[in-house]
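Have the model open as you read.

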Amino acid sequence: MNNRRTPQRIVLVGIAAAALAGVVLAAPATATKPGSGTSSGTGSVFMVNPVQSSGDQTLTDQKDSAAAVPAAAYATVPLRNLDGSGYLRGAWVNVRSATGAAAYSPTNTFSYLRDDDRFEQVMAYFWVNQAQEYLQSLGFGSSLPPVNAESQDVRIDQYGQDNSYSWDKHDYIRLGKGGVDDAEDAEVIVHEYGHAVHDAQVAGFGSSLDAGSIGEAFGDYLAVTVGLDAAGQYGWPVDAPAPCVMDWDATSYTSTVPHCLRRLDTSLVLEDRRNEVHYDGMIWSAALWDVRQRWTALGLTSRDWDRTLVLSQFDYAPDTTFSAAAEATYRTALATHGPQAAAAVREAFAARHITFQGS
Ligand SMILES: [Ca+2]
Ligand SMILES: [Ca+2]
Ligand SMILES: [Ca+2]
Ligand SMILES: [Zn+2]
């Protein structure tokens, strides 16, 4: 394990330093797939989710009825990198319907309301593509190594339980139903994509309780940061607390307002753990969210932090501990943005009682 980790860290830190110094490295061959994603279309999607964009915490599923969500919650968006087949397939996403009709349009026009199962297919295409584009905008696949730069299989299970998961052995994301259809909330889709990102960065990632918790935490963090970035890109409203994860999917499970399946800004510390990956993940995601604020106070940006965070994850062992992963993140921050930024990382983890040697 150490034989693998140490050289990789040196290589990656070298790449990061070169990128930050403005040295442009040759793009890896896998970064683009010419001919497999050059068409564009349009689709109708939620602006992350209808609760986050409207601020209306009284919205409920009402058995998947179209009338339950106002027309103002939808946005017409470009669907990029399609393969031109008329299906929702492209360079970074391959949507399959486990049951029912696959969305098809010879003009690449995909406009459906939420009671039509094809709506979830459009959501999955748009948001997985958006997440990959976000990673690429940070430099992954150009100045930095690619991250999951392949056509991600996504299966929409029209009859399944509420059991979305990313199944790395078969390399696909499955989005289920139950309460609000999972793919009606972009934060569920991007959370699952976060697992695919980890799997692509470190084979078999998540084989310890701590690593599994980090996987859940990163999924939640990625979901929120990609959604906020998209809101900025497209000019969408955000009328719910930014650290609230899966506002719309949560309406089926939570009675307190605001509806959040989980949050990134809890005060949980290591001793609060319950040995359950989603719950324990909130200890880790609170540190990630805290670093974001600390770096902003230092004059850095959320994008700077997101780039450093994802870069550091190449260095996590599949069965890492919180402590070892925190140290790897600290060392990457030191290499990319220097001692002050690294100290902020160390302090954010220490606030969650996650420490490592030298901290
Ligand atoms: Ca639906
Ligand atoms: Ca659900
Ligand atoms: Ca949210
Ligand atoms: Zn998960």
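Let's start where two helices meet: Trp284, Ala287, Asp290, Val291, Arg294 and Trp295 of helix 6 are in contact with Phe322, Ala341, Ala344, Val345, Glu347, Ala348, Phe349 and Ala351 of helix 8. By type, the residues of this contact of helix 6 with helix 8 comprise 11 nonpolar, no polar and three charged. This is a predicted model, in which local features need pLDDT of at least 70 and side-chain atom pairs count only at pLDDT 80 or more, while totals for chains, interfaces and linings use all residues. Residues are numbered from 1 along each chain as its sequence is written, and chains are lettered from A and ligands numbered from 1 in the order in which they are written.

**Terms used above**
- Contact requires C-beta atoms, placed from the backbone, within 7 Å.
- Helices are DSSP runs (H or I, at least four residues), numbered from the N terminus.
- Ala, Val, Leu, Ile, Met, Phe, Trp, Tyr, Cys and Pro count as nonpolar, Asp, Glu, Lys and Arg as charged, and the others, Gly among them, as polar.

**Helix 6 with helix 8**
- The axes of helix 6 and helix 8 (residues 322-351) cross at roughly 20° and come within 10 Å; axes are lines fitted to C-alpha atoms over the stretch in contact, with angles from 0 to 180 degrees between N-to-C directions.
- Helix 6 and helix 8 are therefore roughly parallel to each other (angles under 35 degrees count as roughly parallel, over 145 as roughly antiparallel, 65 to 115 as roughly perpendicular and the rest as oblique).
- Their crossing, helix 6 with helix 8, is right-handed (the near helix is turned clockwise from the far one by less than a right angle).

**Helix 5 with helix 6**
- Helix 5 (residues 209-234) packs on helix 6 (residues 277-297) at about 60°, with the axes 7 Å apart.
- Helix 5 and helix 6 are therefore oblique to each other, and their crossing is right-handed.
- The residues of this contact of helix 5 with helix 6 are nine nonpolar, five polar and three charged.

- Not counting residues up to four places away in sequence, Val128 touches Trp92, Val93, Gln152, Val154, Ile189 and Tyr193.

**Phe126**
- Phe126 lies in helix 3 (residues 118-137).
- Phe126 counts as buried because it has 26 C-beta neighbours inside 10 Å (20 or more is buried, 12 or fewer exposed, and in between partly exposed, with C-beta atoms placed from the backbone).
- Phe126 and Val45 are 81 residues apart in sequence, with C-alpha atoms 7.8 Å apart in space.
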